[in-house]
Amino acid sequence: MRHLLERDKARDRLREMRMPTWDDPRDSARALAALGRLASEGALGAEDRPAAQRANERAWKHLVQQPRPALPSDTTLLVESGEQLIGMALSALDDGKTVLYISDQRDGLTALLVREMACPLLVVPGVAAKAAGLLAPGHPETVRHADDVTFTVTVDGQQVDPVTMGEPLVDQLPWLALAVGVLADHLARGPRASEAELNELTSAVKSMRLHRYRSWQIELDGQPVTLPARLGGVLPLPDPKHPLVLAPESEPSWQETTRMVEATAELLKRREFGIRLRLATHVLAARHANLTDPGQDELSDALEVTVHQIEETSRRIDGAIGVVVERCRPFLVHLLGATTADTLLVPPPADTRELQASLEKHAAQLPLAASEFIAQARAARSTDELRHALGVGFAELNDTLRSMTPPMEPISHADEHQEALHTYLDLHRKDLVNRLRWAALDDFDARRPMPHWPLLSTLKWISVPAAWSCTVDTADTGRLERHVEEELTRELGSPAPRAGERLPALDQVRSANLRTITDLAADLAVLVKAARHPLPPALAGSEPATEVMARLEAAGALDFRPLAAADVVAWLAVLGQWPAGMPPTTDLDRHGLTETDLDRVRNAAVHARREQERRRRSISVGGRAFDVYDGDFTALTRELQRVLENGAIPGVAAGPLRFTDPQTLGRARRASSTGRPRGGRYGGSADSALTTAQREAIGYLGEWYAYHWLCAHYPDSMDATSWVSTNRRKAFPGTPGDDGLGYDFRIGSGRRPYMYEVKATQGDGGRFELGESEVRAAQQHAGNDRWRLLMVTNALTPGRMDIHMLPNREARTRTLPGGRRLAALLVPALSSIARGGRSRRRGPTAGSGPVRRARPTA
């Protein structure tokens, strides 16, 4: 048992037995479904939650890294709802009501609010975007990534505006920036933070603002939500330039400060700081420290550092003159000129006091006092943030940046402008799309195809002018409105109408048209067949509704009015998807048809589908069909035995043993292949269209023939116990067999048995792949002829069935993704290879030992 306990060997054996294994990336989809099923059945207790969540996260990471990740439509996912783990079927997303939220962060603000709403939440750290991308195509409206969630907060009846609300957080907690700096300087993992990094981190703290409120309302995707109780009314609102902390109106206290420092860590995206800061505030509260100015001794004890370390960090923050100089340089060039700026900054001042003294000589030309100028430069996190603080014009500063020696990269607001445009379009989308519908209504009513409509109605073609990026500070509503109107006029050739006919809501008309086409498309195909016309491409496929929808969508015909059956037919005629000479109508009288004619076509289609399904479930052996779908080959075995007893299977008769030399892949053209994960017992280009059940049946046929062939050649040592693969249980009782041995038959019980692997095909030859266990067995016996390959051709025709013994070609191996090794053989059509006396060398008698290779005659 020892080798089974080794992880890789055990996993390989399980895979060879076609069993899924935990943590194997190839079984990630099955692992996800299993976890979801356990949750839906209530089999996961509170003690199982951590392990189940970890397994779920690992499986998602494995799944999204696959080349073509996919989940079966009947999969049940493991998700959170409130504080519980539940199973949620993917089909639940089809109703348009259930929304699945996907987040990278288990304790992020959005995740907390989603839990508060008791909505399904899938937490997959690091791969949430990929997971959402995998699920969203089939459910674009009901799968939401946490970053795409619309989150609005209203306080005291006013929507939150981080730019204008609140006062600096450090006014209430002056020691907080230093505490964060100490954590980064002395307690963070990894290399010690540089002065620039410390300055950036503490500047971020200084840029945070605190706004107190009396009442508030939070909405997530338009749904009201209650703030989680553990936040105590303190809510961090991230913003690239103006991060804001909301807190209830009350007297400052250490209890509230505990929640504020956690909010600060959240805004800094340094959650590890939140734990230490919270513990530090508990220690300071226990010592009854001053809330706004705890002593250095108290702060050092709370942070578990020395006073010397706090003083050292303070000096590093205050003395980071290099960062201040670099931040001030473009503004001094802009305000004082390049020559004066160089005089002040070259060589660099030794510290901020020296820089302040130099700036005070030019106080009249500075927008702020020298000390305040430096303080703003130190607090600013970027050049643009300092520009705002100094009141310097956006376009003017960019002109200065370009003119400097060497030139500096201008400040770009392209991303902000694009975000502002997207926000504007989202707010006005319905109105803008309705105006476009009015503009295109005449073309729709005249049934003129509008291939440009699908893109036009998305509004994605409207973009921000490139010139705005470095010249426009803020894209306000007025500017955006003028630009959108200009783009509409340019696209339409005239101003878009602002009023028109009352049209149904876009979502309603699209939904109605989907239902109409879904109900109608198959009947249209029946109508065309009954009228004895060839089916046009839109109606010829197995899913005509999908194809008709796609063609009408591309023509812009789905977004204006509800379509009746006559409208759909008329549009198909316009698009060339209705038979020529056939009236574009569903009126049976116009076509000279009756309902009986349609029923005749429908019945024929049903019969054809049933016949096709029957053919896919069965194989034909000797002209008789056998249903093999359920894996029960009893009737098939009985028929084979009858044919054998009648002497109608000459291919299993005894004769000289001889090797047939196949072509290898290096010397012959490739053919299509079939095979199971372990290599399979069937193959050849003739088998490429077979179903799994049919392939399994042909594999069993091949082994059944091989069993009787071997019995004829080894009459003294061959019996049912020599058949060692799992197919033996379909013919004999007893042990179930093992497909992981690398061969199907073992003849002889001593140390030198003969091992035969069987491959079968319904044709004359083809390409076969050996699984890893078979390659391993072939390599192990490469120095002798004891591992052999039996090629069974024409397996479905007992009278023509033939068996060829192939030599060990173990060297032709390759490795597939996932570590599975394969050996491939291409066997030419073998029906013309002679048996018996046509070989140049006479083989030994049955069971006499090693076999001599015969030169092939084909």
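This note goes through a helix pair, a loop residue and the cysteines of a predicted model.

1. Helix α23 covers residues 506–530, and helix α26 covers residues 565–574. Their axes lie 10 Å apart and meet at an angle of about 65 degrees. The crossing of α23 past α26 is right-handed.

2. Residues at that contact. On the α23 side the contact is made by T516, I517, L520 and L524. On the α26 side, A565, V568, V569 and L572 take part. Sorted by class, seven of the residues are nonpolar and one is polar, while no charged residue is found in the contact of α23 with α26.

3. A residue in a loop. N794 sits in the loop that joins β20 (787–793) to β21 (802–806). Is N794 buried or exposed? N794 is buried, because its relative accessibility is 3% and the cut-off for buried is under 20%.

4. Neighbours of N794. Leaving aside residues up to four places away in sequence, N794 touches T761, Q762, G763 and D764, and also R800 and M801.

5. How many disulfides does a search of the whole structure find? The search finds zero. C328 has a relative accessible area of 0%, so C328 is buried. C119 has 17% relative accessibility; this is also under the 20% cut-off, so C119 counts as buried.

Definitions and conventions: Residues are numbered from 1 along each chain as its sequence is written. This is a predicted model: local features need pLDDT of at least 70, side-chain atom pairs count only at pLDDT 80 or more; totals for chains, interfaces and linings use all residues. Side-chain values use heavy atoms; hydrogens and water are left out. A disulfide is a pair of cysteine sulfur atoms within 2.5 Å. Buried means under 20% relative accessible area, exposed over 50%, partly exposed in between (1.4 Å probe, protein chains only). Helices (H or I, at least four residues) and strands (E, at least two) are DSSP runs, numbered from the N terminus. Contact means heavy atoms within 4.5 Å. Axes are lines fitted to C-alpha atoms, for helices over the stretch in contact, and angles run from 0 to 180 degrees between N-to-C directions. A crossing is left-handed if the near helix is turned anticlockwise from the far one by less than a right angle, and right-handed if clockwise. Ala, Val, Leu, Ile, Met, Phe, Trp, Tyr, Cys and Pro count as nonpolar, Asp, Glu, Lys and Arg as charged, and the others, Gly among them, as polar.
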